[in-house]
Amino acid sequence: MSLLGVTYAQMKLYSRLIKSRHGIYYFRIQQHGIDRRWSLGTRDPIAASIAAYKIGAKITSMKIDPTKIKGWTLKTDGINLELTTEDNDADRESAQIALEAALEKISLISQQHLQTKPVEVQAPTLSLAEAISEYTPALFESNQKEKSKRMALSVLNNLKLLLGENFNMSELDDYIIEDIWLEARLKTVTRTTAKRDLSFIRGFVAWAADRKRNYVPEKLTFAIEAKGENYEYFSQADLKNIFDNLPVIAENPMEFWVVILGLYTGGRIGEIAGMRTEHVFEKSSLQVMRLAGTKTDASDRIIPMHKDLIKLGFLDYVECRHKAKKELLFDISISQQNGPGAKASKFFTGFKNKIGIKDGLKVFHSFRHTITDLMNQASIGDKAGSQYTGHSLEKSVRNGNYGRKLLSLEVMQVEVVDRIDWLKYCSWEPNFEVLKKRASEFDAVR
């Protein structure tokens with residue numbers, strides 16, 4: 001059997017039609033081990049079949065094998081479909097014949113199954129960028145904590161960067177989140193963090209799916225299992241790798257000192273990067289620093305400064321900032337979404353990848369796990385250790401009802417700071433000579 005002189009066997013059209021769990025049809029091709037799909041923007045099987053055959057006809061006319069070609073792109077606005085390669089659509093006459101044959105074939109199927117039912121292709125709706133812009137005021141008027149609002153907006157902006165500003169909201173479904181967003185997200189964070197981020201996306205999609213809007217077909221049902229997954233502590237080899245390379249790769253005081261302070265304080269990256277110059281001072285005859293905290297009441301704390309920080313010239317850097325009348329300890333711009341730690345976090349992620357630490361469970365927060373492990377190995381008490389790292393200590397009669405709530409700075413110096421000994425902990429210590437030389441090279445006022 002043939003239509004317009006072209007047999008179906010000769011055409012070898014690639015329909016590759018699949019349906020998502022929400023009933024939307026996709027055109028699918030698996031190439032080089034990668035599963036690629038494009039939404040056809042409709043739940044109508046006939047409309048989807050026509051669109052898929054049109055794509056198949058285009059592929060046939062271009063005389064390419066879609067499972068092997070590398071450089072082709074599908075463009076769609078939900079109605080019109082265009083397949084382009086470097087081939088520049090050669091053999092247009094053959095393409096037209098194949099297309100007409102495909103449409104005539106599917107027309108016969110339409111008549112048999114739907115008779116006079118018209119074919120409707122779902123029109124595109126709002127873009128992702130427009131939806132996020134509309135959602136933002138509603139988000140900030142909600143009862144969520146301010147930090148959660150900033151984190152939610154950051155997650156949505158990252159989703160926009162991944163999918164593109166013009167991504168059609170009608171295509172935002174479980175498949176997109178599971179197979180595209182999650183795969184990309186797990187390259188930089190743990191499943192626990194991804195699970196938290198997913199909750200922000202689910203809230204956004206639920207808002208978009210409201211019947212007053214109907215920007216998306218349905219709410220998300222996809223969920224992430226992340227039981228018992230925590231960040232890892234840095235091994236001896238990791239620490240050596242980090243601090244051997246830091247003097248070479250760090251280009252400014254923030255990149256240099258934030259990593260060193262992370263090692264000696266176990267502070268959260270936002271606490272360290274957001275320090276003010278006035279947060280380093282003398283008290284009770286001790287050099288101390290204040291970590292203002294970003295999470296709980298206990299996280300805002302004053303701790304004695306480790307002698308190694310003084311040895312490396314940290315006080316000299318602070319003095320330069322004082323003389324220059326700089327309010328912030330580091331020259332950073334504070335992100336509205338991610339707070340003061342955004343720039344430092346971006347640096348450290350690129351830094352650890354550059355030096356070959358690819359494990360997604362080893363991040364800046366791993367300094368916090370590392371110093372906690374050191375404290376455990378050194379038998380430092382829970383109360384002193386938790387006060388140093390800014391962790392909330394579970395209330396008990398001993399810790400909550402009797403005596404002072406906080407240990408004195410003198411006790412913290414003896415019981416914690418003086419016992420932070422990296423050489424004793426893991427037979428490694430920083431190369432003080434090299435690090436101090438690099439610290440002196442920075443222009444602290446810049």
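Colleague: Which helices do the buried residues of α8 pack against?

Modeller: Helices (H or I, at least four residues) and strands (E, at least two) are DSSP runs, numbered from the N terminus. A residue is buried under 20% relative accessible area, exposed over 50% and partly exposed in between, with a 1.4 Å probe and protein chains only, while contact means heavy atoms within 4.5 Å. On these terms, the buried residues of α8 pack against α9 (253-265), α13 (342-354), α14 (366-377), α18 (422-426) and α19 (432-441).

Colleague: What kind of model is this, and at what pLDDT do side-chain atom pairs count?

Modeller: Residues are numbered from 1 along each chain as its sequence is written, and side-chain values use heavy atoms, with hydrogens and water left out. This is a predicted model, in which totals for chains, interfaces and linings use all residues, whereas local features need pLDDT of at least 70 and side-chain atom pairs count only at pLDDT 80 or more.

Colleague: Which residues of α8 are buried, and what span is expected for this helix?

Modeller: The buried residues of α8 are D238, L239, I242, F243, L246, P247 and I249. The expected span of a helix is 1.5 Å times one less than its number of residues. Helix α8 (residues 236-249) has 14 residues and reaches 20 Å from its first C-alpha to its last, which is close to the expected 20 Å.

Colleague: How many helices and strands does the chain have, and what share of its residues counts as buried?

Modeller: The chain is built with 19 helices and 10 strands. Of its contacts with a separation of 6 or more, 67% are between residues 24 or more positions apart. Among the 446 residues of the chain, the share that counts as buried is 46%.

Colleague: At what angle do α5 and α7 pack, and how are they oriented to each other?

Modeller: Axes are lines fitted to C-alpha atoms, for helices over the stretch in contact, and angles run from 0 to 180 degrees between N-to-C directions. Helix α5 (residues 146-163) and helix α7 (residues 191-209) have axes 9 Å apart and pack at an angle of about 80°. Angles under 35 degrees count as roughly parallel, over 145 as roughly antiparallel, 65 to 115 as roughly perpendicular and the rest as oblique, so α5 and α7 are roughly perpendicular.

Colleague: How do the residues of this contact divide by kind?

Modeller: The contact is made by S148, M151, A152, V155, L156 and L159 of α5 together with R196, D197, F200, I201 and F204 of α7. Ala, Val, Leu, Ile, Met, Phe, Trp, Tyr, Cys and Pro count as nonpolar, Asp, Glu, Lys and Arg as charged, and the others, Gly among them, as polar. The contact therefore divides into 8 nonpolar, 1 polar and 2 charged residues.

Colleague: Which residue in β10 stands opposite M289?

Modeller: Strands β8 and β9 pair over 4 bridges, and V280 stands opposite M289 in β9. Strand β9 (residues 286-291) is also joined to β10 by 4 bridges, where the bridge partner of R290 is I302. In β10, M289 stands opposite I303.

Colleague: Is S285 buried or exposed?

Modeller: S285 is found in the loop between β8 and β9, and although not a glycine, S285 has a positive phi of about 65°. Because its relative accessibility is 67%, S285 counts as exposed.

Definitions and conventions: Pairing = 2+ DSSP bridges.
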